[in-house]
Amino acid sequence: MAEVVIDRVTKRFGDVEAVKDVSLTVPSGELVVLLGPTGAGKTTLLRLVAGLEKPDAGIITIDARDATAEPPALRDVSFVFQQYSLYPHLTVYDNLAFPLRAPARRVHEAEIRTRVERVAQLVRIDHKLANSATRLSGGEMQRVAIGRALVRRPAIYLMDEPLSSLDAKLRAELRVELKHIQADLGATMLYVTHDQTEAMTMASRIGILQEGQLVQVGTPQEIYERPVNAYVAARLGSPGINMLPIDALPAKGAPNGAVSVGARTEHVELTPADDGPAEVIMVEHLGSENFLHLRMNGHRLVTLTSPDRQWRPGRRARVSLHQPLYFDAAGCTLAVEQHVNP
Amino acid sequence: MAEIRLDNLQKRFGDFTAVRASSFTIADGEFFVLLGPSGCGKTTTLRMIAGLELPSSGKMLLDGDDVTFKRASQRDIGFVFQMFALYPHMNVRSNIGFPLKCQGVPRREIDARVEEVAKLLRIEHLIDRPVSGLSGGDSQRVALGRAIVRKAKAFMMDEPLGALDAEFRHLMCVELRALHDRIHATTVYVTHDQVEAMAMADRIAVMNHGVVDQIATPQEIYDRPRTMHVAGFIGSPPMNFLRFHANVAPGAESVRLNGETIPVPTLHEGVANGDVALGVRPEHVELTDDGGIRGEVFGAEYMGTMQVVTVHTKHGPVKARIPSSRPARIREHVGLRFAKERLVVFDAVSGRALKSCLFEETIRG
């Protein structure tokens, strides 16, 4: 496994700058997730590392070697695409063994067997090695596709939304599995997704992309707790962070220049009060918790409460915020003197 | 507005029984969700209520009238399907107004009602647009509008949000429920997504293999699941099951699991030397150094303030929802402790929950 460094890389398609001056280091053994909506440039960045695209400016270093001009085959990367493309005429075993049988690699059949069997166990497909690749469920096919990448030991694994075509339950399972496998192998991985849950739960570090620019890189906790701007703040959390104009609540300790305040659902505290400014308009059950949807002076708020608390539509409340985030007119996060427990 | 009553309604397709004798009543104005995996009979049930499918036996009453053998068109029911089939050559106004036009409602009244509905759905600004350029959400709003414009006795919705992406689906859930709270029309809603069901329903009927396992409010279903299927279908992540072999006597206040005594709500039923499963919700699992059940951390999923930690134990994987402030490293050995008063013991063969004092609260509460 190796470190991959993207250094001031820019990629244009005609007039469109898909990737703008991005610098990002994927340290050896880490799983870095690129998160952003469609068109943010995350797949382009991945393809640049793979060598499927050539940058217009900047350098890509793999294992301390300048790989910018190298063709994909020389870069020592494995790519998993969103749509699994297995060889339909081959068995699961032969699909998994395929990358090792490339003439340039010259791996012995005995070694191939050992590695295929190990990977098949990892992705839990070992009971179907003899099956034809077409006689698998969607989830199984995607596990084979992931396994086919894992069977090699490249400098870096590149994954483009590998779980997005699966149903929710399988996605949740594979999320944990893939992270475990990555940690187990000590693999370096660059992983692209638009699913914030995948980013939060799997990443060692997350890179947030917005219109081709990398706006913040940090651990999931750093990004969640200390977003650099309102855009990043809105990327994580489900339901999203509550955003209110600064005068919507009596703000104590708001820094100069703050025009809006953000509070995550679990950081909005309600106190029942008949003359309170907020009114409960809907109670949404999760089972373990409830989301309360509130209206306050024309603004919408969502808070997280215990199901033991008897909130009903129509009840009124006073609202206070914990760990609020303040943003200036440009949407940038303003520093505050925090009085929070360590 | 109407009450819907199903009396021993059954549906067979050849040898296959899609829906087994179900009886339940959907109250006037209720938002009622039929929830279950694909093939559980939920859509067939909905189609029988709507009159698109005739039952093999049993009765169906709409507002007290026996409509078992009446056609869909005679039942006065509005529909919303997953694939919003809008008329592509018409604008939003004509799409919503179409059912009224078919009924021969005068033009001026159609206009008034379409505008009222558009306002209700907050799509007034789109009313003269062609439907071809609309976003998925707006298309679905138009489809909803076309259903509710008729002021039918009840509305049937078959996975209406299934085609939308996760975040947007959640937004539409909130909107749909808010709409329901404004018009209070009896609604039967089919979905396989427990999050949707929990978010919107007044009551949920959880179905499995053509049988209704449990009908109750979302919180009741979550806190006191009657079967392992219900417990394992609801919650994200769902309830954990620790499977073991045991002799459980009625009156027991604990179970013996691998030599460990686990306190449980007082049981009123027993299992003589059989397979049982201890059901515990992830938020009722605590990681400790000294807990009796031991395991190895397989993975930790950061979710913000909370995290979900997967622990592999001898009895299977257990997920714990705990504060993110507690570090959990892969391969770390940990002990587990459960919140005694929230545990459910299941007969693992029948899948049924053993009666315990946990379930008594239902009657009192």
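Q: Which domains is chain A divided into?
A: Domain 1 covers 4-234 and domain 2 covers 241-334. Keep in mind that this is a predicted model.

Q: How far apart are the C-alpha centres of domain 1 and domain 2 of chain A?
A: They lie 38 Å apart.

Q: And how many residues does the contact take from each domain?
A: Seven residues come from domain 1 of chain A and eight residues from domain 2 of chain A.

Q: What's on the domain 1 side, nonpolar, polar or charged?
A: Six nonpolar residues and one polar residue face domain 2 of chain A there. No charged residue is part of that side.

Q: What about chain A overall, how many helices and strands?
A: Eight helices and 19 strands. The C-alpha trace of chain A spans about 75 × 45 × 40 Å along its principal axes.

Q: What percentage of chain A is buried?
A: Buried residues are 40% of its 342 residues.

Q: And what share of the contacts in chain A with a separation of 6 or more joins residues 24 or more positions apart?
A: That share is 65%.

Q: Switching to the core. Which residues touch the most other members of the largest nonpolar core?
A: Val33(A), Val49(A), Ile156(A), Leu190(A), Val188(B) and Val345(B). The core has 196 residues.

Q: Which helix gives the largest share of this core?
A: Helix α4 of chain A, residues 138-150, with six residues.

Q: Pick Val49(A). What does Val49(A) touch, not counting residues up to four places away in sequence?
A: Val4(A), Ile6(A), Ile60(A), Val77(A), Leu158(A) and Leu190(A). Leu190(A) is also listed among the core residues that touch the most other members. In soluble globular proteins, nonpolar side chains tend to be buried together.

Q: Now the two chains. How many residues does the contact take from chain B and from chain A?
A: It takes 25 residues from chain B and 24 residues from chain A.

Q: Which elements of chain B each supply at least two residues of that side?
A: Helices α5 (166-183), α6 (194-200) and α7 (218-223) of chain B do, and so does β16 (293-302).

Q: How does the chain B side divide by class?
A: The side touching chain A has 12 nonpolar, eight polar and five charged residues.

Q: Last one, α2 of chain B. Which residues are buried?
A: In that helix, residues 92-102, the buried ones are Val92(B), Arg93(B), Asn95(B), Ile96(B), Gly97(B) and Leu100(B).

Q: What covers the buried residues of α2(B)?
A: The cover includes α3 (107-120) and α4 (136-148) of chain B.

Technical notes:
Residues numbered from 1 in each chain as written. Chains lettered and ligands numbered in written order. Predicted model: local features only at pLDDT ≥ 70, side-chain atom pairs only at ≥ 80, totals over all residues. Domains from an automatic or database assignment. Contact = placed C-beta atoms within 7 Å. Nonpolar A, V, L, I, M, F, W, Y, C, P; charged D, E, K, R; others polar. Buried ≥ 20, exposed ≤ 12 C-beta atoms within 10 Å, placed from the backbone. Helix = DSSP H or I, 4+ residues; strand = E, 2+ residues; numbered from the N terminus. Core = buried A, V, L, I, M, F, W, Y, C linked by C-beta atoms within 7 Å.
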